[in-house]
Amino acid sequence: LRDEKGELFQACARYQAGDDGELDLARCPALPGGSFSGLEPMGLLWALQPQKPFMCLVKQDVQRPFLLQLEVFEGHGEPPGRLLAQAQHERAFLRDGVQRVPVRDGRIRATLFLPPGEDTFPGIIDIHGYVGGLFEHRASLLANHGFATLALAYFKYEDLPQEPTELHLEYFEEAVNYMLQHPQVKGPGVGLLGYSKGANLSLAMAAFLKNITAVASLNGLMANTVLPLCYNDKTIPPLPIDEQQVKVIDSNILDCSDILIDPFQAPDNQSLIPLEKAEAQLLFIVGQDDHIIKSEYHATEACKYLQAQGKENFQILSYPGTGHCIDPPFFPFYPIGNHPILHKWAILGGELKAYSKAQVHAWPQIQAFFNKYL
């Protein structure tokens with residue numbers, strides 16, 4: 001598969017065809033020696049690896065499918081034997097009838113995806129991590145499943161600030177109001193799906209804003225990070241980091257799992273989000289091997305904190321062998337990425353097979369959660 005920048009991603013698997021020459025990947029295990037082994041019908045997708053190290057497979061233009069080139073060779077030698085067959089497989093992001101609507105409304109810069117038909121649909125705002133720009137892949141896929149989904153940019157996109165010095169919740173409040181005023185969004189509240197910094201913004205929105213009904217947090221934490229967060233006359237400072245705790249693994253790859261100060265151990269920590277004010281249902285989805293933030297620890301402590309306040313509006317889905325990045329199913333494993341604060345290569349964590357299983361399990365859980373509460 002080549003991404004939109006022309007970067008190459010590849011996977012290979014070794015199989016023994018049946019006596020009739022047929023091969024059913026749902027019943028036939030891959031033999032050892034390829035990118036994966038065992039009964040893995042979608043393995044050729046989730047085991048794709050970039051030719052250039054540390055490249056992440058990103059979908060920029062969801063209106064065009066990814067093209068996957070499939071080739072079958074004879075034998076398991078290196079180099080492979082003669083080419084027996086080849087085919088092209090399209091991975092589409094928009095099903096027929098899903099509308100993609102660019103949004104320039106007041107200050108907000110976003111894309112709204114509407115499922116087919118004239119009905120009203122449960123509304124979700126999808127907020128990405130601290131990398132800037134606009135990511136539409138998750139929102140487009142949610143619209144395929146019946147959710148009106150707004151992919152929201154908040155910096156480094158069009159006329160939004162390139163390098164913000166603070167973030168304002170009023171901007172995100174505008175996005176909530178935009179969704180609730182839309183004739184095809186079913187009220188009275190909206191859902192939020194946030195990843196990393198987007199998750200921690202979603203939790204802050206649930207604490208301070210009205211009409212947030214359900215929040216799914218993908219590896220987020222209950223404290224403000226990276227930049228000061230302002231709302232009305234209140235400012236929540238970012239959680240301090242201790243750069244002394246950075247470990248250098250090899251050739252300038254960092255392990256930053258211990259650099260965030262623990263907000264639950266510091267009494268009167270000003271960075272904590274007052275999550276006890278949230279009326280929304282909260283779903284914490286965490287990778288147990290997250291090396292950017294200790295997601296499982298933070299989610300557990302957040303739930304203990306809420307419980308101590310007499311709240312019961314939370315649940316945790318925790319995945320072993322899964323790092324900081326949790327995408328929809330069959331996106332390739334992304335174990336090393338650019339650290340959002342230190343701007344150097346850092347371990348995100350996870351293991352290939354466990355990570356792919358977590359994606360497959362979490363995706364329908366997210367949909368079921370929003371279907372239940374929206």
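Which residues lie nearest the centre of the largest pocket? In this predicted model, they are Ala11, Leu44, Leu70, Glu71 and Val72, picked out from a lining of 44 residues. The space inside this pocket comes to about 1,400 Å³. E3 gives the largest share, with 8 residues. Sorted by class, the lining of the largest pocket holds 26 nonpolar residues, along with 10 charged and 8 polar ones.

Next comes the second largest pocket, with about 1,000 Å³ of space. Its lining is made up of 40 residues, and those nearest the centre are Cys56, Val58, Val131, Phe135 and Tyr334. Helix H2 (137-144) and strand E18 (336-338) each hand over at least two lining residues here. The lining of the second largest pocket also takes in both domains, with at least three residues from domain 1 (1-92) and at least three from domain 2 (99-373). By class, this lining splits into 20 nonpolar, 12 polar and 8 charged residues.

In soluble globular proteins, nonpolar side chains tend to be buried together. Here, the largest nonpolar core counts 108 residues, and Ile125, Leu150 and Phe370 have the most contacts inside it. Domain 1 (1-92) and domain 2 (99-373) each put at least three residues into this core. Apart from it sits another core, this one of 6 residues, including Tyr15, Cys28, Ala30 and Trp46.

Leu150 is worth a look of its own. Leaving aside residues up to four places away in sequence, Leu150 touches Val103, Ala110, Thr111, Leu112, Ile124, Ile125, Asp126, Ala175, Tyr178 and Met179. Asp126 is found in strand E7 (residues 121-127). Is Asp126 buried or exposed? Asp126 counts as buried because its relative accessibility is 3%, and buried means under 20%. With residues up to four places away in sequence again left out, Asp126 touches Arg138, Ala139, Thr149, Leu150, Ala151, Leu152 and Leu193.

How values were computed:
Residues are numbered from 1 along each chain as its sequence is written. This is a predicted model: local features need pLDDT of at least 70, side-chain atom pairs count only at pLDDT 80 or more; totals for chains, interfaces and linings use all residues. Side-chain values use heavy atoms; hydrogens and water are left out. On a 1 Å grid over the protein atoms alone, a cavity is a set of points where a 1.4 Å probe fits but cannot get out, and a pocket is an open set with protein on both sides within 12 Å along at least five of seven lines; lining residues have an atom within 4 Å of a point. Grid points are joined across faces, edges and corners, and a volume is the space filled by probe spheres set on the points. Helices (H or I, at least four residues) and strands (E, at least two) are DSSP runs, numbered from the N terminus. Ala, Val, Leu, Ile, Met, Phe, Trp, Tyr, Cys and Pro count as nonpolar, Asp, Glu, Lys and Arg as charged, and the others, Gly among them, as polar. Domain bounds come from an automatic or database domain assignment. Buried means under 20% relative accessible area, exposed over 50%, partly exposed in between (1.4 Å probe, protein chains only). Contact means heavy atoms within 4.5 Å. A nonpolar core is a set of buried Ala, Val, Leu, Ile, Met, Phe, Trp, Tyr and Cys residues joined through side-chain atoms within 4.5 Å.
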